[in-house]
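Visitor: I've got a chain on my screen and a few things to ask. Could you walk me through it?

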Amino acid sequence: MFHRAGFRLFCFMLLFGFIVGAAFVHAGEGKPVAVFDAAPHDFGAVFEGQEVSHDFVIKNTGTADLEIKDVKAG
């Protein structure tokens, strides 16, 4: 029969094994990670008909392709 400390160690090692195993399983799945070079840009007051522009730089630091499907002004 397990002593209390031994049982706790056994439970900790079992939990640790599940966590590490899950990390290795998910490590093979590629996921995109979008990283922006700066905080959101504020154009200030823009009047009708006035054109404004700003380059937003996005870097994919993930392991899968990053697809930008839609962009909305907010």
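Visitor: What percentage of the 74 residues in the protein chain is buried?

Guide: Keep in mind that we're looking at a predicted model. A residue counts as buried when its relative accessible area is under 20%. For the 74 residues of the protein chain, the buried share comes to 0%.

Visitor: Where does threonine 63 sit, and is threonine 63 buried or exposed?

Guide: Strand β2 covers 58–60, and threonine 63 lies in the segment after it. The relative accessible area of threonine 63 is 68%. The cut-off for exposed is over 50%, so threonine 63 is exposed.

Visitor: How far apart in space are threonine 63 and lysine 31?

Guide: In sequence, 32 residues separate threonine 63 from lysine 31. In space, going C-alpha to C-alpha, the two are 5.5 Å apart.

Visitor: How many residues lining the largest pocket are nonpolar?

Guide: That pocket holds about 270 Å³ of space. Eleven residues line it, with Phe36, Phe56, Ile58, Val71 and Lys72 the closest to its centre. Two of the lining residues are charged and one is polar, while the nonpolar ones number eight.

Technical notes: Residues numbered from 1 in each chain as written. Predicted model: local features only at pLDDT ≥ 70, side-chain atom pairs only at ≥ 80, totals over all residues. Heavy atoms only, no water. Buried < 20%, exposed > 50% of the residue type's maximum accessible area, 1.4 Å probe, protein only. 1 Å grid on protein atoms, 1.4 Å probe; cavity = no way out; pocket = protein on both sides within 12 Å on 5 of 7 lines; lining within 4 Å. Points joined across faces, edges and corners; volume = space filled by probe spheres on them. Nonpolar A, V, L, I, M, F, W, Y, C, P; charged D, E, K, R; others polar. Helix = DSSP H or I, 4+ residues; strand = E, 2+ residues; numbered from the N terminus.
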